[in-house]
Each structure stands twice: as C-alpha cells, then as structure tokens.
Amino acid sequence: IQTILFGKFVGKDSFGSKYYENKNGKRWIIYNSEIDATKIPDNWYSWMHHTKNKIENLKTLLPDTRIYF
C-alpha cells in the first residue's frame, strides 16, 4: 500500500525489478521474481544506498605507474 500511495516510480533494472522513492528520500525495490538482493545491479545498489559509484564518475583511468623488475 505504501508503494501505491507514496511511492514515485524511479526506474526498472534488467531483471524487471522496479525502484521507488518517497518524498522523504526513502528508497525501496519491488522484485520481479524471488527476493534476492544479489540481483541488484551496481548502479541501482549505489542509488539504493545514497552513494555515488566512484568508478563510474572517473573520466579516465590513471595509467599503471608501478615499476616492474
């Protein structure tokens, strides 16, 4: 009922699971099939936990500057 009344649909992942958010910033997922948190893709996992994926934000990767002997 919370999803119907207060949830704003944000998106859908490749597994068909739907992601919602309310006006207070609470985020949740409605799984397409069985509940399995390991099926949450990286970008949605970051969104669910209010974190930024640092790797996605890098424009270029730094070259390997180690010296091998």
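Me: In which helix does Ile4 lie?

Reply: Ile4 belongs to helix α1, residues 2-6. Helices here are DSSP runs of H or I with at least four residues, strands are runs of E with at least two, and both are numbered from the N terminus. The model is predicted: local features need pLDDT of at least 70, side-chain atom pairs count only at pLDDT 80 or more, and totals for chains, interfaces and linings use all residues. Residues are numbered from 1 along each chain as its sequence is written, and side-chain values use heavy atoms, with hydrogens and water left out.

Me: Why does Ile4 count as exposed?

Reply: Its relative accessibility is 75%. Exposed means over 50%, buried under 20%, and partly exposed in between (1.4 Å probe, protein chains only). Ile4 therefore counts as exposed.

Me: What makes β2 and β3 a pair?

Reply: Two strands pair if DSSP finds at least two bridges between them. Strand β2 (residues 18-21) and strand β3 (residues 27-30) have 4 bridges, in the antiparallel sense. Tyr19 has Ile29 in β3 as its bridge partner. The hairpin of β2 and β3 has 5 residues between the strands, and Gly25 there takes a positive phi near 95 degrees.

Me: How many bridges join β1 to β2?

Reply: These antiparallel strands are joined by 4 bridges. Gly11 has Tyr19 in β2 as its bridge partner.

Me: What is the strand order of the open sheet, and why do β1 and β3 stand at the edges?

Reply: The 3 strands follow the order β1-β2-β3, with antiparallel pairing. β1 (8-12) and β3 each have a single partner strand, so one side of each is left without a neighbour in the sheet.
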